Amino acid sequence: MRRIKSVSDLEKWREDVLSRQKQHGLVISVCGGTGCHAYGCKKVRDKFAKIIKKNGDLQKVRLKFTGCRGFCERGPIVTIQPQGIFYQRVQEKDVPLILSETVEEGEVLEHLLYEDAITKRKVTSEKEIPFYKAQHRLVMGNNGLINPKEIEDYIGISGYQALSKALFEMKPEQIISEIKASGLRGRGGAGFPTGKKWEDCRNAPGDIKYIICNCDEGDPGAYMDRSLVEGNPHSVLEGMIIGAYAIGGSNGYIYVRHEYPLACKNAEVAITQARKAGLLGKNILGSGFSFDVEIAKGGGAFVCGESTALIASIEGRVGEPRSKQIHTVARGLWGKPTNLNNVETWANVPLIINEGSQWFSSIGTEKSKGTKIFSLVGKVKNTGLVEVPMGITLKKIIFDIGGGQQDEKRIKAVQTGGPSGGCIPASLFDLPVDFDSLTQVGSMMGSGGMIVMDEGTCMVDVARYFVHFLQEESCGKCLPCREGLKRMGEILDSIIEGKGSEESLSLLEELAEVVADTSLCGLGKTAPNPVLSALKYFRSEFEDHIHQRRCPAAVCTPLIQYSILEADCVGCGACAKVCPTQAIKGEKKQSHLILAEICSKCGSCKDVCKSNAVTVQ
Amino acid sequence: MDLGQVGKIIDKYQEKRTALISILHDIQDRYEYLPEEALRKVASRLQMDLNDIYGVATFYKSFSLVPQGKHFITLCLGTACHVRGGPKILREVKKLLNIEPGQTTADKQISLNVVNCLGVCAIGPVMFVDGKFYGEMNPVKAKRMIDKINKNRRKSGVRS
């Protein structure tokens, strides 16, 4: 790899990369995100590689293994450029056909195209797919264009241009005022103004300052940070280097969850390549500015997403938060001023420097600028990562992009903000998605998880799920969080077991208030949100559990019973075949019966019954 | 047990106390759990109290102080997997293996773990079996997977 010592070196490198890329007539990109991996994209990629290697006519084809393209549910995804053909659910056996038909003959393979659910029309290009149409993919968009392990791919899409602009055309103060003017707010959850944080850290006295990228991403149901670090690690790194120059930082850390092995690996590769190229380390681009980054691995503790706990973890200690009377910008890692931002925040920085704060602030709402990546998951048709301008309505995200409900069950709520957020009922789906609107209705933006729930989701069960989650993840340092959540969990357990009483709900609310008011860190302070929002919008479900001993969504096992309607059962035996506990008896072509005492209430019989004879009450 | 690798791992991090978590990760990757002798060695080389190391090793979920089975089943119970039926799968798997999450079957073959999110939410419920992700799981598919592991084991048992 060449070593870049000046701006002109970088320009020259980019020109070389581009002219080399031009030699490729055709680019086949196989999505290498974790979702696609689960569906077997590696086999698809290997098959392509094998045939291309053998076949002399295919030497001009470039095969790329890219980062996550977001539409994970449709994986493995393969695109072909410059035609812009988008193939979904590609399997190993489709590969020879793609090469012989599409690549050599220019024919589009109908059976691999996405079919519009409403119009039933086959769609060739990504842009026409409803899932992508309403998106504004500024930060995520490049994921599909580059191989995250090749720095040259990033250089080719104007990578590190923002860094060169920042180092040679801007003063640190100018960068900070540009970030401030852009209105960028922290994407990790709280939405603190990024420019203000940088300024505070720059002004904090101290020779050594640290820069941290938070990729702990503990929020269950959110995975955009993983996808960015896996798919475009250099954009995050570039953001960090610019931040370090603006703040005066000399060392940085990317704190990655241990559960994300691919993110750890790709970040490591990116750091090594950037260092070799002279974009990281001593005297970056010959500017005299030096900054280096290391990876710190997390150990699977949700609380380590909290800044002070994360810092404790990097220091090699137990991840317990501390009181934030003195902010981390003044005293953070090893007692030195420390600026910590989330992955997505860092990835936005190069865009703002390149395009300007005015451009950035033209996107979004008055107080929430730019775009936000959400992980649209749960009971919705199209699941995956979506990037939308701030201010877009929930309805647009869930119905236009997400395609609405999965089956006959209607969507009733969306959970945002992870365990610190809340459930927003369908009646409020006209709400614009920005930091402040979501907080107003009792939820929050959080890191961007958006879990859609339908009539088959029990809100009492969801509330209990979050309380147990947080109780387990509580570090145990302060009493309200440690004990309060445990008691809240017990009350919810009793409701689910059909042992709740009228006092259960008032006690739950009282406890929730105490936990929120008196906990030490953000984990405890926001922990009651899922319970309070569920009680606010779905109180009748709690009351049904308590007074009628009934779970309307048919989820809470102690309160439900599976049975077979004699009149509808055709005796096909499919249910008996899948039943993992052999609880279904019956002769072929005769009505079947579920033995309640053996039934594990897993619902497999209901899933396979073609005549809808299995009911649950 | 050969703990020769432990010394090398500590050397790699130049005996830095701040690298404790990384050292433990490397030991766990190498031995698939944290052997007590290894922790004692870390304590003496890093000149740290064994209690503090024990504190860190038990605080973070990635670490295990007991040996793991030959096969790993990790079930994701993140919110997206939860609303799509993750708990049903867990009930089934627990019953099939006759163990709780965090435990290993008596024959030391299969370890069961649950995690709060694997970050593959779009295709939930997700199971991570021996380094591979499986999406859109349900109790029936989970049963088949465990049957397969058991069957392969028996087969390989015959051969050896």
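Chain B has 7 helices and 4 strands (DSSP runs numbered from the N terminus: H or I of at least four residues for helices, E of at least two for strands). Along the sequence they follow the pattern α-α-α-α-β-α-α-β-β-β-α. This is a predicted model, so local features need pLDDT of at least 70 and side-chain atom pairs count only at pLDDT 80 or more, while totals for chains, interfaces and linings use all residues. Residues are numbered from 1 along each chain as its sequence is written, and chains are lettered from A and ligands numbered from 1 in the order in which they are written.

**Chain B overall**
- The C-alpha atoms of chain B fill a box of roughly 50 × 40 × 25 Å along the principal axes.
- Of its 160 residues, 42% count as buried (20 or more other C-beta atoms within 10 Å of a residue's own; exposed is 12 or fewer, partly exposed in between, with C-beta atoms placed from the backbone).
- Chain B splits into domain 1 (4-59) and domain 2 (71-159), with bounds from an automatic or database domain assignment.
- The centres of these two domains of chain B, taken over C-alpha atoms, are 29 Å apart.

**Where chain B meets chain A**
- On the chain B side, 41 residues are in contact with 46 residues of chain A (C-beta atoms, placed from the backbone, within 7 Å).
- Elements of chain B giving two or more residues to that side include helix 2 (20-31), helix 6 (86-97) and helix 7 (139-159).

**The sheet in chain A**
- Here 4 strands of chain A make an open, parallel sheet in the order 9-8-7-10 (strands pair if DSSP finds at least two bridges between them).
- Strand 9 (292-297) and strand 10 (338-342) of chain A sit at the edges with a single partner strand each, so one side of each has no neighbour in the sheet.
- Strand 7 (residues 210-215) and strand 8 (residues 251-256) of chain A run parallel and are joined by 6 bridges.
- A:Asn214 has A:Tyr255, in strand 8 of chain A, as its bridge partner.

**Helix 8 of chain A**
- In helix 8 (residues 172-182) of chain A, the buried residues are A:Ile175, A:Ile176, A:Glu178, A:Ile179 and A:Ser182.
- They span an arc of only 160° around the axis, so they lie on the same side of helix 8 of chain A (the arc is that of the directions from the helix axis to the C-beta atoms).
- Exposed A:Glu173 and A:Gln174 are on the face turned away from the buried side of helix 8 of chain A.
- Just after helix 8 of chain A, A:Gly183 adopts a positive phi of about 80°.

How values were computed
Contact = placed C-beta atoms within 7 Å.
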